[in-house]
Amino acid sequence: MTNTRSIWAVVPAAGVGKRMQAERPKQYLELAGKTVLEHTLTRLLQAEIFTAISVAISIEDPYWSELTISKNEHVLTAPGGKERSDSVFSALQAISGRASEKDWVLVHDAARPCITAADIRLLIGSLQDDEIGGILALSSHDTLKNVEGGRIVGTLDRVHIWRALTPQMFRYGQLKQALEASAGNPAVTDEASALELLGFQPKIVEGRPDNIKITRPEDLPLAQFYLEQQQ
Ligand code: CTP
Ligand code: MG
C-alpha cells in the first residue's frame, strides 16, 4: 500500500434483521462469545488500514452503546436511515469534515463477520490505482435459471454472473454523489449499483466464499464454523 491517502471504512449496521426472525437485530446476536457486529468491527480494526470506521446505528438501538467497541478511538457512530443506502450515506456524512473527495471508502455489511484481512488487502491492492473502484464478488457454481410463474424460461450464462459481496470500494466524493443521485431508488441494493446507474463499470475482485452475509437463522452456525476455521 504505497500511497498515503486515507482509507475509510463504512459499516451499515442499522437494519432490523427481519429475515433472521430473532428477538434482536442480527448484528447483536452472539457468535463464540461476541456479537456479530463486534466480530465484524474487530476484523476491520485488525486490518490496520482504516483511518476510521464510520458505523451507522439505528437511533432506536439500545445495544450499541453497551459495547466497549463503540468507544474505540477509531470507531465513529452515525444515525442509521430507512434503507441500507440511507445508512451508508449518513455514515459518509459523518466523516465529511475529514475525508477528501478522492479518498477510498470501503463499505462493509455489519452482517458479514467472516471478512478476512487478506480479502480486504486483496481488494485494496487490486483497486488502488483504478479510476472507479469495485467490489468483492463470487462466481456462481450452480447453474442459474430464469424463471417466470414457477417455470424455467431460460438458463443464464454463468460466465457473466457474479454474486456481489462486501467490502465495496469507491472514492468518497463519487460514492456520495452516486448515492445522492439514486436516493429512493429501490434497485440500489449495494454501492456498485448506484455507480452503475451513473454509467460506471465497477471492477470485480474474486473474494473468499466464507465471507457470508448472515441473513437467515441457518447462517449463524455456518458463520461460527467459518470463524473457527479461520483461527
Ligand atoms: N442496514 C442498514 N440500514 C438499513 C437496512 C440495513 O444499515 N436501513 C444494514 C444491515 O444492518 C446489514 C446490511 O445493511 O448489516 C445488509 O442488510 P441486510 O442483510 O438486508 O440486513 P437487514 O436489513 O437488517 O435484514 P432484513 O433485510 O432481513 O430485514
Ligand atoms: Mg435488508
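This is a predicted model: local features need pLDDT of at least 70, side-chain atom pairs count only at pLDDT 80 or more; totals for chains, interfaces and linings use all residues.

A: A pocket, as the word is used here, is an open set of grid points with protein on both sides within 12 Å along at least five of seven lines, and its volume is the space filled by probe spheres set on those points.

Let's start with the second largest pocket, which holds about 210 Å³ of space. Its lining is made by Arg112, Leu138, Ser139, His141, Arg163, Ala164, Leu165, Glu206, Pro209, Asn211, Ile212 and Lys213. Two elements, β7 (133-139) and β10, each give two or more residues to that lining. Strand β10 is the top contributor, with three.

Now for the largest pocket. Its volume is about 1100 Å³, and 40 residues line it. Nearest its centre are Gly15, Val16, Arg19, Glu83 and Arg84. Here the elements giving two or more lining residues are α2 (84-93) and β10 (162-171), so β10 turns up in the linings of both pockets. The lining splits into 14 nonpolar, 13 polar and 13 charged residues.

What sits in the largest pocket? Ligand 1 does. Around ligand 1 there are 19 residues, and the ones that come nearest are Gly17, Lys18, Lys26, Ser87 and Lys213. The shell around ligand 1 is made up of six nonpolar, five polar and eight charged residues.

Zoom in and you can pick out some polar contacts between ligand 1 and the backbone. A backbone N or O atom of Arg19 is 2.9 Å from an oxygen atom of ligand 1. A polar backbone atom of Val16 lies 3.2 Å from a ligand oxygen, while one from Glu83 lies 3.4 Å from a ligand nitrogen. Val16, Arg19 and Glu83 are also among the residues nearest the pocket's centre. As for cover, ligand 1 has 560 Å² of accessible area on its own, and the protein covers 87% of that.

Before you go, have a look at two backbone details. Back in β10, you'll find Pro167, and the peptide bond joining Thr166 and Pro167 is cis, with omega at about 5 degrees. Then there's Gln21, in the loop between β1 (7-12) and β2 (30-31). Gln21 isn't a glycine, yet its phi is positive, at about 55 degrees.

Terms used:
Residues are numbered from 1 along each chain as its sequence is written. Chains are lettered from A and ligands numbered from 1 in the order in which they are written. Side-chain values use heavy atoms; hydrogens and water are left out. A residue is near a molecule or strand if one of its heavy atoms lies within 4 Å of it. A polar contact is a pair of N or O atoms within 3.5 Å; within protein, one must be able to donate a hydrogen and the other to accept it, and residues adjacent in sequence count only if both atoms are side-chain atoms. Accessible areas come from the Shrake-Rupley method with a 1.4 Å probe; for residues, only the protein chains shown count as cover. On a 1 Å grid over the protein atoms alone, a cavity is a set of points where a 1.4 Å probe fits but cannot get out, and a pocket is an open set with protein on both sides within 12 Å along at least five of seven lines; lining residues have an atom within 4 Å of a point. A molecule sits in a cavity or pocket if more than half of its atoms lie within 2 Å of its grid points. Ala, Val, Leu, Ile, Met, Phe, Trp, Tyr, Cys and Pro count as nonpolar, Asp, Glu, Lys and Arg as charged, and the others, Gly among them, as polar. Helices (H or I, at least four residues) and strands (E, at least two) are DSSP runs, numbered from the N terminus.
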